[in-house]
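User: I would like to go through the labels used for this model and see what each one rests on. Please set the values against the cut-offs.

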Amino acid sequence: QRRVHGETSQTACRLNQAAVRTLVERIDRYGIECDLSRDGAITLACSDDDEQSAHKVLDHVNKLFGTSFEVLPAKEVRELYRSDFYQYGVVEPDAYTVNPLKLVLGLAAAAERIGVKLFENSKALSITGQPGCWRVATPGGVIEAAEVVLAGSVSLDRYALSGPLAGALLCMYTHILVTEPLGERLYDAIRARYAACDDRLLLAYFRPLPDTRLLWGGLGTVTFAAEYHAEELHRDMLLAFPQLADVRIEYRWGGPLAWSRHMMPLIGKIDSGSKKGVWYATAFGGHGIVPSVLSGELIASAMVEKSSDWELFHRCFRPRYVGWPFSLLGAAILVRSHSLVDRWNVWQYQRNGSLARVAALILMGPGLAALSLACAAWKRCKSA
């Protein structure tokens with residue numbers, strides 16, 4: 001909203017909504033088995049301070065963007081989520097969830113059936129040429145192409161391949177746990193099929209799976225230490241649902257996400273240097289699957305139909321240097337400050353909780369405390 005206004009923001013929302021419809025239609029058309037769920041999504045608030053204002057905000061958003069967000073009162077939230085960690089909720093009834101691995105494999109199989117050739121593990125070493133006549137060198141030979149798209153995450157080579165995108169991507173990690181099948185025990189904690197997240201700065205996201213497992217993700221870190229972060233994420237899950245303390249964690253994993261400085265996807269065309277005319281689609285971060293569909297549709301329509309819709313993102317959300325490698329320190333401080341602010345807010349909102357839960361909030365992941373607290377205080381004063 002700070003970068004786009006009025007009709008421009010409405011256009012961006014319309015394109016995003018169209019991408020959702022395109023993805024669902026594609027799944028149905030090609031019969032992709034990816035655990036598509038049409039149960040909607042919910043954002044759970046950790047305080048009730050803004051419940052009244054949420055109604056006014058959502059009325060405005062729904063009118064402006066044609067969405068259908070609804071406020072779920074605290075009483076109903078407590079019926080669906082057996083936790084005093086959450087207050088009211090905001091429901092998006094039209095949201096979908098999928099198994100992303102099954103989706104990618106299904107899309108690849110569908111593409112091959114209609115004649116697309118896929119070459120995995122073929123690293124692009126260099127790109128030379130000009131629009132209409134590009135040469136992409138790989139270990140196994142050279143590919144000539146009329147159009148080239150740099151579509152990827154932090155795996156894009158920072159210097160040799162990405163040109164002006166160099167230094168515009170910040171690597172962050174997210175982490176996920178999956179419990180053992182819970183059977184009826186799942187309903188002791190969660191009685192809704194929504195894909196859920198909370199409203200903390202470093203949010204957690206979770207949803208029950210078809211086999212009654214619970215998937216729990218979040219954290220957001222600049223380093224990757226599998227065991228340590230898995231334990232920290234498990235503690236976070238138990239803050240919300242302490243009744244699951246004896247549940248076994250059967251799967252855990254994490255991976256890198258590419259973020260831009262303005263935290264919006266980077267979709268556009270390189271307009272200077274030796275790679276002028278090369279398309280890019282990256283920095284989807286934690287925005288989910290839809291922006292990748294959106295970028296593909298925008299770039300394909302620009303190539304084939306000469307559509308100019310892509311220019312909205314290219315104009316409003318251009319690649320900006322993130323200060324790498326110093327950005328890693330900045331990101332670490334920001335993450336820690338967000339974490340401390342989250343713990344302080346939760347402590348305020350959950351004062352009646354047990355001493356053990358409060359202690360868990362304070363002790364989770366100490367480090368950089370003094371500096372981070374100063375940064376957090378500055379951020380809060382600035383926003384106020």
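Analyst: A residue counts as buried under 20% relative accessible area and as exposed over 50%. The model is a predicted one. In helix α4, Leu103, Gly106, Ala110 and Ala111 are buried.

User: What makes the buried residues of α4 line one face of the helix?

Analyst: Seen down the axis of α4, the buried residues fall within an arc of 135°, so they line one face. An α-helix has 3.6 residues a turn, so residues three or four places apart point the same way. The face of α4 turned away from the buried side carries Leu101, Val104 and Leu105, which are exposed.

User: How do you know that the span of α4 agrees with its number of residues?

Analyst: Helix α4 covers residues 100–113, which is 14 residues.

User: Why is His175 called buried?

Analyst: The relative accessible area of His175 is 4%. The cut-off is under 20%, so His175 counts as buried. His175 has its place in strand β8, residues 170–179.

User: Which residues is His175 in contact with, leaving aside its neighbours within four places in sequence?

Analyst: Among them are Tyr205, Trp216, Phe224, His229, Leu233 and Trp253. The contacts of His175 also include Gly217, Gly218 and Gly254.

User: Why does Cys34 count as buried?

Analyst: Cys34 has 1% relative accessibility, and buried means under 20%, so the label applies.

User: What is the basis for saying that Cys197 is in no disulfide?

Analyst: A disulfide needs two cysteine sulfur atoms within 2.5 Å. For Cys197 the nearest cysteine sulfur is that of Cys46, 9.9 Å away. The structure as a whole holds zero disulfides.

User: What makes β1 a partner of β3 and of β9?

Analyst: Two strands pair if there are at least two bridges between them. Strand β1 (residues 41–44) has four bridges to β3 (residues 89–92), and these two run antiparallel. Four bridges also join β1 to β9 (residues 195–198), here in the parallel sense. As examples, Ala41 has Glu92 of β3 as its bridge partner, and Ile42 stands opposite Ala196 in β9.

User: How many helices and strands does the chain have, and what share of its residues counts as buried?

Analyst: The secondary structure comes to 10 helices and 14 strands. Of the 384 residues, 44% count as buried.

Notes. Residues are numbered from 1 along each chain as its sequence is written. This is a predicted model: local features need pLDDT of at least 70, side-chain atom pairs count only at pLDDT 80 or more; totals for chains, interfaces and linings use all residues. Side-chain values use heavy atoms; hydrogens and water are left out. Buried means under 20% relative accessible area, exposed over 50%, partly exposed in between (1.4 Å probe, protein chains only). The expected span of a helix is 1.5 Å times one less than its number of residues. The arc is that of the directions from the helix axis to the C-beta atoms. Contact means heavy atoms within 4.5 Å.
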